[in-house]
Amino acid sequence: MVNVIGLGYIGLPTALMMASHGVEVVGTDYNAELVATLNAGHTTFKEEGLDELFAKAVGAGVRFTTEYQVCGTYIVSVPTPYDKVDKKIDPAYVVAACETVLEVAPEGAVLVVESTVSPGTVDRFVRPLLVEAGREDVALVHAPERIIPGNMVGELLRNNRTIGADDPEVGRRVAELYASFCQGEIAVTDVRTAEMTKVVENTFRAVNIAFANELAKVCRVGGMDVREVIRISNKHPRVNILQPGPGVGGHCIPVDPWFLVGDYPETANFIRLALQTNASMPEYVLRRAHEAMAEHGIADPAKVGIYGLTYKEDVDDVRESPTLQMLESVEEHLCGHAVKVYDPWVERDVVPGQVHSMEEFLDGLEVVVVMVGHSQVKGRPEAFGDRILVDPRDVMGDGENVYKL
Ligand SMILES: NC(=O)c1ccc[n+]([C@@H]2O[C@H](COP(=O)([O-])OP(=O)(O)OC[C@H]3O[C@@H](n4cnc5c(N)ncnc54)[C@H](O)[C@@H]3O)[C@@H](O)[C@H]2O)c1
């Protein structure tokens, strides 16, 4: 039996995927409300294909509880935030979950840390727990996850994976467990290499996006179209530049690279600069909005609204989203004036000026900053009437009143 600990964006689909592929799975989360929702037959977030997977897994016997189980394999998928001051990983959730596992795990159990961790976290924070508890019989494994919100189910099935284990034989067994559903290649390595590869993958993307963002700024000053420059540059067989945008959000790309900066502050200078470049983008978009307002003689900030609260299109996840980052600076500029915000994917109230229909949103606005290209509006500038659009993601097409990065 496998006990998946933490039933959030990663743990829940993983538990469901294993269960629907014949593995006996119990999902555990200490959030009783979340467990009650799952037991009432409802998923806890929106994701393409998740409801179907949930139904299949429930049919196959998956169970949800707040209790840790006595079983052979534990998969820990709890949050790993970073400390916003010293930029180091906050391992508290992983440590707490592993401690509880060790209280119930039978001899020889396998403890898989699936949460993203900085290189050395298992050695520094998890291995000592085994030593203190006299539980060195428990085998440690790190199996980081690569899936992207919006395509989690498809990517769980098809992505390549990494398994890092102290004992290659245990690594092979855990690889077999993931192979119950994973059609990709599964690389088996040691724990620290697995930790590093996960962080490196997200850092690569953060740095590439920062490069594109810097190009956008250079092209604006130089009067060039950055998207055209990137499109043509990417025709080179060995160039693959990502796209610029209003900033980087989500739980991974703006967070994980800081683990390297936090742990190697003297060395990871280039990575730090890349993260700072990405973090400057919401403010940069705001400056574009001010330029648009000035050119049209609009002075009243109440005439400007923000479309999109999530960190990417067609998901309901707002964590670290560029819009939230932008609102922090807007609030400073506007002395408490609540900017009107609308996101069709976010029903719950997240920010003060949030409204819940397009009609209410557009009422009284002259400028819309399109922070997210949800399918509702992508390629459809008419969705915003004849308003001036600030379009950092380039999803509104060309037009006299469309301001790109
Ligand atoms: N969200 C993503 O797109 C993504 C992608 C790849 C990797 N990751 C990594 O996966 C890990 C999990 O992220 P997530 O997005 O699923 O987080 P999440 O916040 O959506 O879910 C975590 C869950 O763990 C539960 N939890 C926390 N401590 C617990 C404990 N001690 N016992 C039982 N339950 C506990 C919480 O109640 C919550 O439901 C993180 O390390 C993250 O960096 C996330």
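Predicted model: local features only at pLDDT ≥ 70, side-chain atom pairs only at ≥ 80, totals over all residues.
Residues are numbered from 1 along each chain as its sequence is written, and side-chain values use heavy atoms, with hydrogens and water left out. Local features require pLDDT of at least 70 and side-chain atom pairs count only at pLDDT 80 or more, while totals for chains, interfaces and linings use all residues.

Helices (DSSP runs of H or I, at least four residues) and strands (runs of E, at least two) are numbered from the N terminus. D317 lies in the loop that joins β9 (304-307) to α13 (322-334), and with a relative accessible area of 2% this residue is buried; here buried denotes under 20% relative accessible area, exposed over 50% and partly exposed the range in between, computed with a 1.4 Å probe on protein chains only. The side chain of D317 comes to 3.0 Å from the backbone nitrogen of R319, a polar contact being a pair of N or O atoms within 3.5 Å in which, within protein, one atom must be able to donate a hydrogen and the other to accept it, and in which residues adjacent in sequence count only if both atoms are side-chain atoms. When residues up to four places away in sequence are not counted, D317 touches Y9, T310 and Y311, where contact means heavy atoms within 4.5 Å. E320 is found in the loop between β9 and α13, has a phi near 55 degrees, a positive value in a residue other than glycine, and is partly exposed at 28% relative accessibility.

Across the whole structure, six aromatic pairs are found, pairing being assigned to rings of Phe, Tyr and Trp (its six-membered ring) whose centres lie within 6.5 Å, with planes under 30 degrees apart counted as stacked, over 60 as edge-to-face and the rest as tilted. Y9 and F45 form a tilted pair, at 4.5 Å centre to centre and 45 degrees between the planes. This pair links distant parts of the chain, 36 residues apart, with Y9 in the loop between β1 (2-5) and α1 (11-19) and F45 in the loop between α2 (32-39) and α3 (50-59). Y9 is partly exposed at 21% relative accessibility, whereas F45 is buried at 8%. Y342 and F361 form a further tilted pair, with ring centres 5.9 Å apart and planes at 35 degrees; Y342 lies in strand β10 (residues 340-342) and F361 in helix α14 (residues 358-362), so this pair ties together parts that are 19 residues apart in sequence. Both Y342 and F361 are buried, and together with Y307 and F384 they form one aromatic cluster.

The second largest pocket holds about 500 Å³ of space. Of the 19 residues in its lining, Y82, K84, A279, E320 and Q325 are the closest to the pocket centre; a pocket is an open set of points on a 1 Å grid over the protein atoms alone, where a 1.4 Å probe fits, with protein on both sides within 12 Å along at least five of seven lines, and lining residues have an atom within 4 Å of a point. The volume is the space filled by probe spheres set on these points, which are joined across faces, edges and corners. The largest share of the lining, five residues, comes from α13.
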